[in-house]
Amino acid sequence: MRAQIVDMTCRSVGTHRPHTEQQNVKCSLEEGLMCQGRDDATGANACWDYEVSFLCDCNAVFTTVTTPILVSVSTSPIPENFTTIPPIVPVKPPSCEEEPGWSPWYNMHIPNADGEFEFVTEIRKSYSLCPDHYITEVECRPVMGGEMESFIFCDKKGARCRNNAGRQYCQDYEVRVFCHCECQDGLGMEDFSITNGKITASSSLGPADKPYAARLNFNWAWTAQTVDEDEAQKEWLQVDLGEIKEVTGVVTQGHPILPRYVEKFAVHISDTGEDFKSIKDRFSPLTKEFTGNTDGTTPVANLFPEPVFARYVRIIPIHFNVAISLRVELKGCDIIVTTSTTESTSGPPQCVNGWTPWMNTYTPNPANWDDMDDLRSLAEKYTFCASHQIMDTQCRVVGVGLTPEASGQVGVTCNTNTGLQCNDDLQAPQHCYDYEIRFYCDCNQTPTPITTHPTVLPPESCSLMSPQFKQHEYDCKKFYEGEITDIECVEADTGLKTAADKGTICDVTNGFYCDNAIQDTGICHDYKIRYYCSCEPTISTTTIVTETVTTPLLPCDPDM
């Protein structure tokens with residue numbers, strides 16, 4: 001609880017330098033951590049990345065006092081280098097054992113210079129949310145009340161709002177999720193539907209500690225032979241469900257009488273009882289480590305990141321108290337086989353002459369600051385005309401209405417071949433804004449029949465005028481299948497390829513380089529460059545046809 005926090009310390013991440021080594025940094029229980037820096041500060045003058053540690057006194061006694069709170073709301077932009085730690089709010093976590101319903105509201109992130117991002121994955125690190133596949137709805141709302149901005153994304157990933165072009169600033173948001181947990185039945189350990197012979201183990205401590213004693217709420221428990229903790233993972237408790245079932249989680253207890261319980265464990269599954277594989281976190285190659293018990297009697301439920309289908313389930317102890325003792329119940333249900341009689345109604349994309357509504361499939365965020373609204377992702381979310389019917393494309397900054405050119409960002413493509421792409425590597429020290437796109441459709445356009453023999457299409461140019469030198473080899477490959485084969489450097493003001501500067505370098509290996517120290521005036525002229533991205537030749541294997549064939553689009557965009 002907040003009243004039990006008696007002190008805090010702040011230090012830089014990685015280097016562990018105390019906050020007192022940087023000016024304008026506050027670290028106190030009253031204000032938390034705050035670093036106020038200049039908007040134009042860079043390098044050592046910018047705010048460091050900080051982490052905090054709290055000293056807790058669990059014996060502290062506190063009383064609850066209800067007092068009115070006055071809140072002042074500011075609409076000023078948030079400074080570039082402003083760091084803060086959100087308040088500590090104790091919340092009762094939702095449980096899938098309860099009826100379907102809404103979780104509490106969560107607010108993990110404070111808006112900063114980039115925007116406001118409340119990710120469900122980040123919330124789950126601090127609170128026990130139900131797994132993603134049980135989340136049926138997500139709601140987002142401004143913490144201070146009022147209407148949501150039109151440019152915020154609110155979906156099963158959470159809330160994502162991007163500050164754009166210095167004109168649009170996101171409010172502080174909180175989110176909640178609706179959990180509807182299905183397939184949560186006990187699979188037969190507690191009610192003895194699973195017979196004693198179906199429960200086996202690696203070892204037993206004594207005659208009374210047999211595997212069949214490992215039933216939830218039983219009057220005894222399975223206890224493995226005495227082992228050191230570094231050998232705990234050699235032990236296991238196995239349950240044979242009799243047939244393959246959908247298994248969604250496990251409930252564990254320790255010993256009902258003795259202070260023995262398993263604190264951490266893994267789960268392995270198999271269809272045959274011979275080849276086992278471990279349950280992993282979603283999108284992770286690592287075995288998931290489940291948190292078990294802190295005493296012998298309290299049941300602790302753990303849901304799997306995703307339902308699994310298995311006949312054999314093994315519990316593998318990792319850490320334990322005194323000895324490995326377990327009582328368990330598996331959660332899940334029988335596999336339901338359904339037969340669909342609904343005929344597919346899919347057909348060609350719906351076409352309406354004129355401009356489509358504005359579309360947006362992705363908001364740049366700390367996980368990936370690029371912005372990408374390509375034709376494939378747009379078609380998965382929206383309905384519009386076929387690619388050969390797209391005659392024109394427009395892109396703009398969400399909520400602001402600026403074109404990519406007017407926004408001042410570079411490396412932003414907007415065309416009928418690839419849709420919208422913003423390369424964040426070219427935006428430093430800022431990030432890509434959030435863009436939206438629309439197409440102009442001509443529904444009278446039809447694919448042109450092609451009569452060709454196998455040919456090799458020549459490479460096309462992917463060029464970009466950039467106001468400053470960067471390593472462009474990665475940029476060329478990032479969105480296009482190509483290599484840099486040529487580069488052009490010109491003076492920014494005159495467009496001349498040759499200026500009065502001495503010792504300039506302009507090649508595909510180094511980009512552009514000019515040394516102020518050897519110039520008569522002491523400073524180089526301003527230059528801009530563009531590079532030639534030569535795409536891989538594409539072999540066309542189309543032969544003479546008797547029906548309409550649409551030529552596939554090249555992966556390289558000639559209008560970049």
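Leaving aside neighbours within four places in sequence, V267 is in contact (heavy atoms within 4.5 Å) with K277, S278, I279, F290, F304, V313, R314 and I315. The model is predicted, with local features requiring pLDDT of at least 70 and side-chain atom pairs pLDDT 80 or more, while totals for chains, interfaces and linings use all residues. Residues are numbered from 1 along each chain as its sequence is written, and side-chain values use heavy atoms, without hydrogens and water.

V267 is among the residues with the most contacts inside the largest nonpolar core, which has 30 residues. Such a core is a set of buried Ala, Val, Leu, Ile, Met, Phe, Trp, Tyr and Cys residues joined through side-chain atoms within 4.5 Å; buried means under 20% relative accessible area with a 1.4 Å probe, protein chains only. At least two core residues come from each of β15, β16, β19 and β20, and β19 gives the largest share, 6 residues. Strands are DSSP runs (E, at least two residues) numbered from the N terminus. A second, separate core of 21 residues includes C140.

C140 stands opposite V175 in β11. Because 7 of the 7 residues of β11 (residues 173–179) are buried, this strand is largely enclosed by the rest of the structure. Y173, V175, V177 and C179 cover one side, and E174, R176 and F178 the other.

| Partner strand | Sense | Bridges to β11 |
|---|---|---|
| β6 (residues 101–102) | antiparallel | 2 bridges |
| β8 (residues 135–142) | antiparallel | 7 bridges |

Note on methods. Buried < 20%, exposed > 50% of the residue type's maximum accessible area, 1.4 Å probe, protein only. Helix = DSSP H or I, 4+ residues; strand = E, 2+ residues; numbered from the N terminus. Pairing = 2+ DSSP bridges.
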